[in-house]
Amino acid sequence: MKKIYFIRHAKSSWENQVDDHDRPLSERGFDDAALISEELIKKEISVQKVFSSTAKRAKTTAQIITSALKVPEENVIYKKNLYSFNGISVNNFLKELPEDLDTVLIFGHNPAFTILVNSLGSQTFANIPTCGTVAITFKTDKWSSLIYGKTEFHLFPKDLK
């Protein structure tokens, strides 16, 4: 069995004129990341590795949530190829994960995450919102065989407020 927790980065700020890759979180983004962290702690999730886009908003979201989940820093890996809005490139990244990993958490972007969650999971979403979290379990022992899994749960900040 393989399991993926997809978390879209929290709400970013558009106040400063910076490159897209360097956009920080907004105040709401920090609040939503803390809210999702609390819910994931309640669900007692456990992951072997965390992979995040290198974009500032994704990295900050990852740092907030993995810190709350007490994931060791050495198990959080920042990958430039997850700074992608393309579901195909993120799916290719997933299919190349080491087989000794069974449960991973990835932080990234839309529309890639909505596309992937809808194509890989058993539930369809119009949009994965910022800080939206979706867990999908797959009946396979090989990442390269990811085709279709079961959506275990989703957490969207607006539903928790």
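Predicted model: local features only at pLDDT ≥ 70, side-chain atom pairs only at ≥ 80, totals over all residues.

Biologist: Why is Phe93 called buried?

Modeller: Its relative accessible area is 9%, and buried means under 20%. Phe93 is therefore buried.

Biologist: What makes Phe51 buried or exposed?

Modeller: Phe51 has a relative accessible area of 6%. The cut-off is under 20%, so Phe51 is buried.

Biologist: Why is the pair of Phe51 and Phe93 called edge-to-face?

Modeller: Two values are needed. The ring centres of Phe51 and Phe93 are 5.3 Å apart, and a pair requires centres within 6.5 Å. The planes stand at 75°, and over 60 degrees counts as edge-to-face. The pair is therefore edge-to-face.

Biologist: What makes you say that this pair ties parts of the chain together?

Modeller: Phe51 belongs to strand 2 (residues 49-53) and Phe93 to helix 3 (residues 87-95). These parts are 42 residues apart in sequence, so the pair ties them together.

Biologist: How many aromatic pairs does the structure hold?

Modeller: There are 5 aromatic pairs. One of them is formed by Phe6 and Phe113, with ring centres 5.4 Å apart and planes at 85°, so this pair is also edge-to-face. Phe6 lies in strand 1 and Phe113 in helix 4 (residues 112-120), 107 residues apart. Both Phe6 and Phe113 are buried.

Biologist: How do you know that Lys43 lies over the face of Phe153?

Modeller: Lys43 is placed at 4.4 Å from the ring centre of Phe153, and the limit for the distance is 6 Å. The direction must also be within 35 degrees of the ring normal. Lys43 is listed as lying over the face of Phe153. Lys59 lies over the face of Tyr78, at 5.1 Å from the ring centre.

Biologist: Why is Asn75 called buried?

Modeller: Its relative accessible area is 18%, and the cut-off is under 20%, so Asn75 counts as buried. Asn75 sits in the loop between helix 2 and strand 3 (76-79). Leaving out residues up to four places away in sequence, Asn75 touches Gln48, Lys49 and Val50.

Biologist: What makes the approach of Asn75 to Lys49 a polar contact?

Modeller: The two side chains come to 3.5 Å, and the rule asks for N or O atoms within 3.5 Å, one able to donate a hydrogen and the other to accept it. The pair is listed as a polar contact.

Biologist: How do you know that the span of helix 1 is close to the expected one?

Modeller: Helix 1 (residues 27-42) has 16 residues and reaches 23 Å from first to last C-alpha, against 22 Å expected at 1.5 Å a residue. Its buried residues include Gly29, Asp32 and Leu40. Among the elements that cover the buried residues of helix 1 are strand 1 (2-8), helix 2 (56-68) and strand 5 (133-138). After helix 1 comes Glu44, with a positive phi near 55°.

Biologist: Why is the radius of gyration said to agree with a compact globule?

Modeller: For 161 residues a compact globule would have a value near 15 Å, and the protein chain has 14 Å, so the two agree. Of the 161 residues, 53% count as buried. The protein chain has 5 helices and 6 strands.

Definitions and conventions: Residues numbered from 1 in each chain as written. Heavy atoms only, no water. Helix = DSSP H or I, 4+ residues; strand = E, 2+ residues; numbered from the N terminus. Expected span 1.5 Å × (residues − 1). Buried < 20%, exposed > 50% of the residue type's maximum accessible area, 1.4 Å probe, protein only. Contact = heavy atoms within 4.5 Å. Phe/Tyr/Trp six-rings, centres within 6.5 Å; stacked < 30°, edge-to-face > 60°. Rg over C-alpha atoms; globule rule 2.2 N^0.38 Å.
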